[in-house]
Amino acid sequence: MEPQATKEGDNEVKNQPTTCKKELKKEVAQKKEKKRKRKIEESDSDEVVEVDDEKHLKVNARPLNQRITPNQFMKVIKDMPEMHVNAIKDIGFGGFLELDLDAHKSIFSDQLVRSFDPDRVSLVLDKNQEMDITQLDFHLVYGLPMDGELIEEPYQETDETWKELLRRWRGLFGMTSGSPLNSNVIAEIERLKHEPICKDFLLHFIICAVNCCIRSTSNPSLNHKFLYSCMDTTKIKHLNWCEYAYRNLISSTIEWQDGSSFFTGPLPFLMICYFDRLQRSKIENPRQFPLISIWKRID
């Protein structure tokens with residue numbers, strides 16, 4: 001039976017182990033130290049170089065941009081055959097079939113991401129309101145598997161099985177290195193959803209879901225290294241996707257707040273989480289699992 005998004009589920013957040021959060025805070029501190037050092041000009045003298053506050057304000061005032069938005073993915077998941085829907089649910093990614101959110105560049109999105117505090121792992125809002133974010137929230141919002149094996153993302157392509165998978169996968173798009181564009185993978189999903197279920201279809205679906213809802217890149221190519229942990233598709237549902245999403249929310253926000261041109265984190269998650277918490281603070285309504293199935297675009 002699937003867990004339900006209830007008040008009891010919310011209470012579990014308070015009892016969640018803090019080990020992961022401590023590790024992430026250490027990672028945040030290291031990134032901030034690198035940021036601080038970049039502000040000091042290399043010099044032979046002991047003179048302290050002042051930071052240009054006006055330039056810093058301009059960086060913080062820039063609009064939020066994303067390389068990969070959910071738009072193309074939302075189109076391809078429409079009219080998905082039942083057999084393919086069941087296969088996607090079997091690997092724990094069925095929640096993404098409910099994605100229908102107007103997540104795009106806007107003033108609201110800018111403010112939402114800017115209000116996220118990576119140190120406290122929470123949304124810090126007006127009137128001293130604060131919304132803590134935990135791994136459980138990713139489970140409630142996206143319906144992702146949690147408490148499984150950690151997802152590995154090897155920097156080097158040394159494992160022979162991994163090298164072979166990448167060689168074959170890249171070959172589908174006429175490539176020998178890097179990763180394809182989102183539009184090219186979307187086109188493959190559209191083609192394969194009219195054919196029998198295959199491993200390529202599942203991997204394509206996962207890579208698009210992750211890039212538009214969890215972690216993308218600041219360049220046109222797709223984030224793909226996590227596929228290392230997906231080589232055996234039967235193990236996908238046993239991976240801790242909530243930990244992966246949680247960690248990437250923190251790192252992607254640090255990068256954007258540090259001056260990166262593109263926000264590569266889970267904007268749909270932040271929007272759904274914010275709307276859900278805001279509603280619950282005003283009135284207690286029944287909630288449906290996963291929350292992504294409730295919050296829809298208003299055409």
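**Figure 1. The buried face of helix α9 in a predicted model.** In helix α9 (residues 182–192), the buried residues are N182, V185, I186, E188, I189 and L192. Here a residue is called buried under 20% relative accessible area, exposed over 50%, and partly exposed in between (1.4 Å probe, protein chains only). Helices (H or I, at least four residues) and strands (E, at least two) are DSSP runs, numbered from the N terminus. Viewed down the axis of α9, the buried residues fall within an arc of 155°, so they line one face of the helix; the arc is that of the directions from the helix axis to the C-beta atoms. These buried residues pack against α4 (71–76), α5 (82–90) and α10 (199–213). This is a predicted model, in which local features need pLDDT of at least 70 and side-chain atom pairs count only at pLDDT 80 or more, while totals for chains, interfaces and linings use all residues. Residues are numbered from 1 along each chain as its sequence is written, and side-chain values use heavy atoms, with hydrogens and water left out.

Figure 2. Which residues of α5 are buried? They are H84, V85, A87 and I88. These residues cover an arc of only 165° around the axis, which puts them on the same side of α5. The exposed residues E82, M83, K89 and D90 are carried on the face turned away from that buried side. An α-helix has 3.6 residues a turn, so residues three or four places apart point the same way. The buried residues of α5 pack against α9 and α10. After α5 comes G92, whose phi is positive, near 90°.

**Figure 3. The largest nonpolar core.** A nonpolar core is a set of buried Ala, Val, Leu, Ile, Met, Phe, Trp, Tyr and Cys residues joined through side-chain atoms within 4.5 Å. The largest one has 79 residues, and those with the most contacts inside it are F73, F93, F96, Y142, F205, F226 and W241. Helix α10 supplies the largest share of this core, 11 residues. Contact means heavy atoms within 4.5 Å. Leaving aside neighbours within four places in sequence, Y142 is in contact with G95, F96, C213, I214, P266, P268, F269, P290 and I292.

**Figure 4. The surroundings of P145.** P145 lies in the loop between α7 (135–142) and α8 (160–171). At 13% relative accessibility, P145 counts as buried. Although P145 and N240 are 95 residues apart along the chain, their C-alpha atoms are separated by 5.9 Å. Apart from neighbours within four places in sequence, the contacts of P145 are I91, G92, K237, L239, N240, W241 and C242.

**Figure 5. Helix α11 and its surroundings.** Helix α11 (residues 241–257) has 17 residues and reaches 24 Å from its first C-alpha to its last. This is close to the expected 24 Å, a span defined as 1.5 Å times one less than the number of residues. Of the 17 residues of α11, 14 are buried, so the helix is largely enclosed by the rest of the structure. G259, whose phi is positive, near 120°, follows α11.

**Figure 6. Aromatic pairs.** Rings of Phe, Tyr and Trp (its six-membered ring) pair if their centres lie within 6.5 Å; planes under 30 degrees apart count as stacked, over 60 as edge-to-face and the rest as tilted. The whole structure holds 17 aromatic pairs. In one of them, the rings of F108 and Y274 have their centres 5.5 Å apart and their planes at 55°, so the pair is tilted. This pair links distant parts of the chain, with F108 in helix α6 (residues 107–114) and Y274 in helix α12 (residues 267–282), 166 residues apart. F108 is partly exposed, with a relative accessible area of 28%, whereas Y274 counts as buried at 17%. The rings of W241 and Y244 have their centres 6.0 Å apart and their planes at 85°, so that pair is edge-to-face. Both residues lie in helix α11, three residues apart, about one turn of the helix, and both W241 and Y244 are buried. Ring pairs also link F93, F96, F138, Y142, F226, W241, Y244 and F269 into a cluster.

**Figure 7. Cysteines without a disulfide.** A disulfide is a pair of cysteine sulfur atoms within 2.5 Å, and a search of the whole structure finds zero of them. The cysteine sulfur closest to that of C208 belongs to C212, 7.3 Å away, too far for a bond. C208 is buried, with a relative accessible area of 0%, whereas C198 counts as partly exposed at 26%.
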